[in-house]
Amino acid sequence: MRAHDERDGALRWGVLGATSYIATHLMPAIAAAPGCALTAVASRPERAGSAREVGRVFGATAHPDYASLLADPAVDAVYVPLPNTEHVDWTLRALAAGKHVLVEKPLAMDEDGCARVEKAAEAASRTVMEAFMYRFHPQQSRAAEILDSGTIGELRLVRASFAFRIESGSGNIRLEPALGGGATWDVGCYAVDVPLLFFGQAPRRVSARFSSRPGLDVETSAVATMDFGQGRSAVVDYAIDYGPRAAYELQGTRGTLMVRNAWAMDGEDGVITVLTQDGGVREEIVPAANHYRLQVGAFARAVREGGPAPMPLAASRRTARVGSALVASAAAGGAAVDTSDEAPEGP
């Protein structure tokens with residue numbers, strides 16, 4: 001990847017979207033991240049007023065549409081938080097316009113979409129990364145350190161539960177099947193990512209069962225199992241029916257590690273509990289950190305240094321492959337679907 005020229009100063013960001021969630025979490029993170037500047041925001045034409053309002057708050061240029069922002073020479077990198085079905089298209093457009101791209105998960109809802117983005121990024125010599133903000137909180141790196149230390153022995157089972165409730169009739173795009181809605185491609189991405197992160201590879205096979213709230217055409221909750229071979233497994237549940245919950249456990253041969261709140265927001269400490277046969281129970285407090293800001297900062301460093309993205313596109317391909325397999329398994333009544341992968345990615 002071509003490194004960002006330090007003579008250009010800060011990495012200049014544009015954001016495709018001006019929703020309240022983006023304005024509350026992502027835009028402040030971009031504005032505050034070292035070596036970054038929020039210079040532009042765009043919205044759909046019918047929401048141009050929102051872009052102008054947000055632009056005034058952050059001192060950013062408000063564009064009347066997404067294409068106009070991509071044509072702005074004062075933008076080096078773009079954040080793409082659009083509906084799931086639009087992630088690949090606008091990532092490819094941004095790459096064609098010469099921008100680096102941080103794209104909200106899922107990067108794609110199938111492995112082919114990830115391959116298209118990877119090919120385009122290589123051709124454009126630009127950095128692309130899927131946004132999994134929870135990975136960047138220090139409690140995840142601390143959990144990996146404890147696991148690597150051998151404190152809980154060899155990892156055998158990962159349990160992950162990620163959920164929050166979305167009310168029917170709320171107009172939330174996560175309830176719209178035409179926009180890639182449903183629990184799997186939203187909160188399910190996090191639940192799936194945890195075992196892939198700590199085992200460092202895709203499972204050999206998965207099976208899943210979905211449930212849908214009456215009146216909705218998307219899955220609103222799911223329970224899935226994953227077989228990683230050699231006696232290693234994962235059990236995950238995720239939902240937009242219940243919650244909030246964002247917790248995981250790493251079960252080793254000699255103990256258990258539990259992360260109570262994997263979505264710890266700015267101002268919330270992380271909490272890790274370790275239970276071992278010979279050491280009893282101990283609890284570690286990981287100081288509060290803004291994982292959105294850390295994610296933006298890590299991405300910006302990769303761009304400036306011309307190095308690989310901290311979450312490689314190979315990991316995004318695995319997430320897409322496993323998510324697609326879960327959908328296929330649920331459609332087949334929970335039948336096992338192959339997802340084997342030989343290339344490891346360490347936590």
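Two strands are said to pair if DSSP finds at least two bridges between them. Helices (H or I, at least four residues) and strands (E, at least two) are themselves DSSP runs, numbered from the N terminus. In strand β10, for instance, V235 is the bridge partner of T225. The structure described here is a predicted model, in which local features need pLDDT of at least 70 and side-chain atom pairs count only at pLDDT 80 or more, while totals for chains, interfaces and linings use all residues. Residues are numbered from 1 along each chain as its sequence is written, and side-chain values use heavy atoms, with hydrogens and water left out.

The pairing around β10 is a friendly place to begin. Strand β9 (residues 221–229) and strand β10 (residues 232–239) run antiparallel and are joined over 8 bridges. Within this pair, A222 faces Y238 in β10. The hairpin that the two strands make has 2 residues between them, and Q230 there adopts a positive phi near 55 degrees. β10 also pairs with β7, this time in the parallel sense and over 7 bridges; here A160 stands opposite V236 of β10.

D237 lies in strand β10. Contact is taken to mean heavy atoms within 4.5 Å. Leaving aside neighbours within four places in sequence, D237 touches A160, S161, F162, A191, A222, V223 and Y242. By contrast, V75 is 162 residues from D237 along the chain, and the C-alpha atoms of these two residues are 39 Å apart.

For directions, axes are lines fitted to C-alpha atoms (for helices over the stretch in contact), and angles run from 0 to 180 degrees between N-to-C directions.

A second open sheet has 6 strands in the order β3-β2-β1-β4-β5-β6, with parallel pairing. Its edge strands are β3 (61–63) and β6, each of which pairs on one side only. From one strand to the next, the twist averages 25 degrees. Helix α8 (residues 291–305) packs on this sheet and touches β1 (11–16), β2 (36–42), β4 (77–80), β5 and β6; its direction makes about 150 degrees with that of β5.

At one end of the order, strand β5 (residues 100–104) and strand β6 (residues 128–131) pair in the parallel sense over 4 bridges. The chain passes from β5 through α5 to β6 in a right-handed β-α-β crossover (right-handed if, with the strands pointing away from the viewer, the path from the first strand over the helix to the second runs clockwise). Opposite V101 stands V128 in β6, and L102 has M129 of β6 as its bridge partner.

What remains is the packing of helices. Two packed helices are described by the angle between their axes and the distance between the axes. The axes of helix α4 (residues 87–96) and α5 come within 10 Å and cross at roughly 5 degrees. α4 is therefore roughly parallel to α5 (angles under 35 degrees count as roughly parallel, over 145 as roughly antiparallel, 65 to 115 as roughly perpendicular and the rest as oblique). V88, T91, L92 and L95 of α4 meet G113, R116, V117, A120, A121 and A124 of α5. By class, this contact has 7 nonpolar, 2 polar and 1 charged residues (Ala, Val, Leu, Ile, Met, Phe, Trp, Tyr, Cys and Pro count as nonpolar, Asp, Glu, Lys and Arg as charged, and the others, Gly among them, as polar).

Helix α5 (residues 111–124) also packs with helix α9 (residues 313–331): their axes come within 8 Å and cross at roughly 160 degrees. These two helices are therefore roughly antiparallel to each other. E111, C114 and E118 in α5 meet L313, S316, R317, A320 and R321 in α9, a contact with 3 nonpolar, 1 polar and 4 charged residues.
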